[in-house]
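Subject: A structure for you to look at

Hi there,

Here is the structure I promised to pass on to you. Have a look at it first, and then read my notes below.

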Amino acid sequence: MKYLKKIVAAFFCAVLLFSCQKKSAESKNAKSEPIVSQPPKSESDEIKKVFQEIPKGVPSGTIEKTGGFFDCAELSYPKNVIVIDDELYPDKKKKREAFTNAISSGSVDSSKLSEDEALILLFGTVDLSDGNVSDSDHSYFDEFDSETHKKVHADFVYEVGSNKTILGIENAKIAFGGLRIKARPTNTANNIVIRNVEFWDAHGSTDFDTLIPEFKDKKAGSDQISVEGTYAKGEYVSEFIPENIWIDHCSFSDGVCVDLDRNFNHDGAIDVKAVHNMTISWCDFSNHDKVTLIGSGDKFTESKDRQITFHHNYYHGTVQRMPRSRGCQVHLYNNVYENIGTEKNHGYSLGPGIGSLFIVEGNTFGSHKGKILRYADSSKPEDETFSKLFVNKNNPELDSKNSEQFELHAVNEKPFLIPYEYDLLSAEESATLVKAQAGATLKYNVR
């Protein structure tokens, strides 16, 4: 980071020295170079961008193979690099604004959703609540209208535009809110990478006050990351579906909150309503109830509309939905599940539903309060939407003792063609690696 700050300081001096002179042709040509950072407007209305090569130590060029569906597209890291840190943005709200603008538009100066590319280098914490929520005070979400009983404050959610990479460099944390990746006519929501970031307590509330008897069963809807398509009313297939999403080496938890028995303030860690070519790898999930829901209803049965690989993820101290699904092609390999469920909420790890095609290989299933696998498929064996389960070399292996309806859904051949290369380790070998390396553990030497 010292390297980047020296570049910024040198550039500022040059601008001040020549600010009264006419811009030269050389300055004009510099606009085509990669952008390293965009300082806040408060520094100078004239200083808009800092031009320099991508700093050493930051990933560049072709994105590496992920061992999952994401590999169906060959993509490169963006060259437009934006630095978000506490020195450029000492004011917390301005830091949040710069970050949420960058992930939406590809510029710190605009919040308008854009498909312009950007590689956002994040240092430290971004508080999406702008100080309204903290570890010690969540009362912001305890307010409800006295007449309608609706919640007063909306959840803190910010949208990510296409062609954006968020890379946590040093203690990167996104706190007290969530990110939305949504395909729509104005944004394809394609080619998005999020790596090495801690997602902390996406706190929200139920839509209505649960102290009122008629609303006592309402639950929260605040996700840490949501991936969504756009569907016409009454339609369950769409051309507007996110594509090429990779979430890697991230950590997800409810922070200091305990919301495991009944989710009053949190929903999914990563919820996916629709996606083509998604990899979720080397992530750590803890202290969370409903981890990943795939498909939002039983009418979403087209398996090719939700293609996701989960590998080398560590689930511990979680309860359910790892994942729970409808209409999907899901490949799970070399994941670790431990300490699943609570005394009041036994939960489960895998919950395939209608139209779900699961390939489950080399996973480690530790202690569970309930079953490892629970089915939620209302279709019949003769239906095209009847879910299928292929298992291979898990520890322990899934069977009729630890899984509901196992013999009804188990198949001897993989129910879909895996279109990418991957290295399957033994459950025992992968468990050791996953426990040591999952989560926001990557180190980047950019100093």
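Predicted model: local features only at pLDDT ≥ 70, side-chain atom pairs only at ≥ 80, totals over all residues.

His312 has a relative accessibility of 6%, and because the cut-off for buried is under 20%, His312 counts as buried. You will find His312 in the loop that runs between β17 (306-311) and β18. Its side chain makes a polar contact of 2.8 Å with the side chain of His311. If you ignore the neighbours within four places in sequence, His312 is in contact with residues that include Trp282, Cys283, Tyr333, Asn335, Leu425 and Ala438.

Now for the whole chain. The protein chain has 447 residues, and 56% of them are buried. Its secondary structure consists of 5 helices and 25 strands. Of the contacts with a separation of 6 or more, 74% are between residues 24 or more positions apart. The accessible surface is about 20,100 Å², and carbon and sulfur atoms account for 48% of that.

Next, the aromatic rings. There are 16 aromatic pairs in this model. One of them is Phe208 with Phe215: the ring centres are 4.5 Å apart and the planes meet at 20°, so this pair is stacked. Phe208 counts as buried because its relative accessibility is 19%, and Phe215 counts as buried at 12%.

Another stacked pair is Phe285 with Tyr315, with 4.8 Å from centre to centre and 5° between the planes. Phe285 belongs to strand β15 (residues 284-290) and Tyr315 to strand β18 (residues 314-320), so the pair ties together parts that are 30 residues apart in sequence. Phe285 and Tyr315 are both buried. They also belong to one aromatic cluster, together with Phe199, Phe252, Tyr337 and Phe365.

The charged end of Lys173 sits over the ring of Trp200, at 4.3 Å from the ring centre. Arg262 lies over the face of Phe264, also with 4.3 Å to the ring centre.

Helix α3 (residues 92-105) has 14 residues and reaches 20 Å from its first C-alpha to its last, close to the 20 Å expected at 1.5 Å a residue. How many of the residues in α3 are buried? The count is 10 of 14, so this helix is mostly covered. Among the buried ones are Lys95, Arg96, Phe99, Asn101 and Ile103. Which strands do the buried residues of α3 pack against? They pack against β3 (81-84), β4 (118-127), β5 (157-159), β6 (164-175) and β7 (178-182).

Both ends of α3 are worth a look. Just after the helix comes Gly106, which takes a positive phi of about 85°.

Key:
Residues numbered from 1 in each chain as written. Heavy atoms only, no water. Phe/Tyr/Trp six-rings, centres within 6.5 Å; stacked < 30°, edge-to-face > 60°. Buried < 20%, exposed > 50% of the residue type's maximum accessible area, 1.4 Å probe, protein only. Helix = DSSP H or I, 4+ residues; strand = E, 2+ residues; numbered from the N terminus. Lys NZ or Arg CZ within 6 Å of the ring centre and 35° of its normal. Contact = heavy atoms within 4.5 Å. Areas by Shrake-Rupley, 256 points an atom, 1.4 Å probe, with all protein chains shown as cover. Polar contact = N/O pair within 3.5 Å; in protein donor to acceptor, adjacent residues only side chain to side chain. Expected span 1.5 Å × (residues − 1).
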